[in-house]
Amino acid sequence: ATCARKISTIRIFFKYLTITTNMLKINPAQNLETPKLNKRLPRYLTLEDSEKLLTITADDEENKNKERDFAIITLFLNCGLRLSELVGINISDIRFDECMLTVIGKGNKERSIYLNDSCIQAINAYLGIRKSALAKKDSKNSDKALFLSSYKQRISKRTVENVVSRELQKAGLDTTKYSTHKLRHTAATLMYKYGQVDIRALQELLGHQSISTTEIYTHVDNEEVRNAVNSNPLAKFNNKIIKK
């Protein structure tokens, strides 16, 4: 991927020198070959694994930040947020009357995300704990961030990664395969697979600039393809021959 990106940069540069500015008569990069990139399908949790992760997090009585961590994982799995988007959420970004959340995505682009009942309930449960905790301590060090660390400051990306990793481990899921970004993949896959979400709507929800990035989620599940093959009227024809 790195080679392909750098070769593309070189080609564009020499194209500029030869065509746009005429500084060169011959383009020395015109025969450069770009390595073929194999598209990898994103890893994601199954619906059962997602439910197990949420249950484990919600029932973790030993975790003093249980409500916060449950709200974090709920938002990841329901909204497909990026890690940077989640830690950047301010309470003022949530419009509870409209059940909407505003986040700042890649390229400093702002987008709105609708929050379902699970998200609203999880956030409200956490806000109750958050307010009582701040009332007992000096709140001058806290800002308007939704998610706070144990030091009452905006939660860091590293802390969120540790939270997700710990809860995945408690749920018996492989932490070498799954991460915060895999929860984003999970949300997108579950919405596409079970919610029959239009690909354009999914693109807007995830904040993808190109539809080709979103289209990868149309290939992650082979169940429909398998059903299509099995529905072929000739699928069981060989059984008749074998019986004869």
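Modeller: Two strands pair if DSSP finds at least two bridges between them, and with that criterion in hand we can go through this structure, which is a predicted model.

Biologist: How do the elements of the chain run from the N terminus on?

Modeller: The chain holds 11 helices and three strands. Of its 244 residues, 35% count as buried, and among contacts between residues at least 6 apart in sequence, 54% join residues at least 24 apart. Read from the N terminus on, the elements follow the order α-α-α-α-β-β-β-α-α-α-α-α-α-α.

Biologist: Which residue in β3 does Ile104 stand opposite?

Modeller: The strands β2 and β3 run antiparallel and are joined by five bridges, so they meet the criterion of at least two bridges for a pair. They form a hairpin with five residues between them, and Gly107 in the turn has a positive phi of about 70°. Within this pairing, the residue of β3 that stands opposite Ile104 is Glu110.

Biologist: Which residue in β2 is the bridge partner of Ile94?

Modeller: Two bridges join β1 to the antiparallel β2, and these strands form a hairpin with four residues between them, where Cys99 in the turn has a positive phi of about 55°. For Ile94, the bridge partner in β2 is Leu101.

Biologist: Which strands stand at the edges of the sheet, each with a single partner strand?

Modeller: The three strands form an open sheet with antiparallel pairing, in the order β1-β2-β3. One side of each edge strand is left without a neighbour in the sheet, because each has a single partner strand, and the strands concerned are β1 (94-95) and β3.

Biologist: How many of the five residues of β2 are buried?

Modeller: Buried means under 20% relative accessible area. Judged by that cut-off, β2 is mostly covered, and the number of its five residues that are buried is four.

Biologist: Is Leu75 buried or exposed, and what is its relative accessible area?

Modeller: Leu75 lies in helix α3, and, not counting residues up to four places away in sequence, it touches Gly80, Leu81, Leu86, Ile89, Leu115, Cys119, Ile123 and Phe147. One of these partners, Leu86, is itself in contact with Ile72, Leu75, Phe76, Leu81, Phe147 and Val160 when neighbours within four places are left aside. Because buried means under 20% relative accessible area, Leu75 counts as buried, its own value being 0%.

Biologist: What separation is found between the C-alpha atoms of Leu75 and Asn116?

Modeller: Leu75 and Asn116 lie 41 residues apart along the chain.

Biologist: Which element gives the largest share of the lining of the largest pocket?

Modeller: About 710 Å³ of space lies in the largest pocket. Its lining has 26 residues, with His208, Gln209, Ser210, Ser212 and Thr213 nearest the centre, and the elements that give two or more residues to this lining are β3 (110-114), α7 and α9 (211-214). By class, the lining divides into five nonpolar, 12 polar and nine charged residues. The largest share, three residues, comes from α7.

Biologist: How many nonpolar residues does the lining of the second largest pocket have?

Modeller: The second largest pocket holds about 360 Å³ of space. It is lined by 18 residues, and Leu77, Asn78, Cys79, Asn116 and Met191 are the closest to its centre; the elements that give two or more residues to this lining are α2 (47-58), α3, β3, α7 and α8. Four of the lining residues are polar and two are charged, while the number of nonpolar ones is 12.

Methods. Residues are numbered from 1 along each chain as its sequence is written. This is a predicted model: local features need pLDDT of at least 70, side-chain atom pairs count only at pLDDT 80 or more; totals for chains, interfaces and linings use all residues. Side-chain values use heavy atoms; hydrogens and water are left out. Contact means heavy atoms within 4.5 Å. On a 1 Å grid over the protein atoms alone, a cavity is a set of points where a 1.4 Å probe fits but cannot get out, and a pocket is an open set with protein on both sides within 12 Å along at least five of seven lines; lining residues have an atom within 4 Å of a point. Grid points are joined across faces, edges and corners, and a volume is the space filled by probe spheres set on the points. Ala, Val, Leu, Ile, Met, Phe, Trp, Tyr, Cys and Pro count as nonpolar, Asp, Glu, Lys and Arg as charged, and the others, Gly among them, as polar. Buried means under 20% relative accessible area, exposed over 50%, partly exposed in between (1.4 Å probe, protein chains only).
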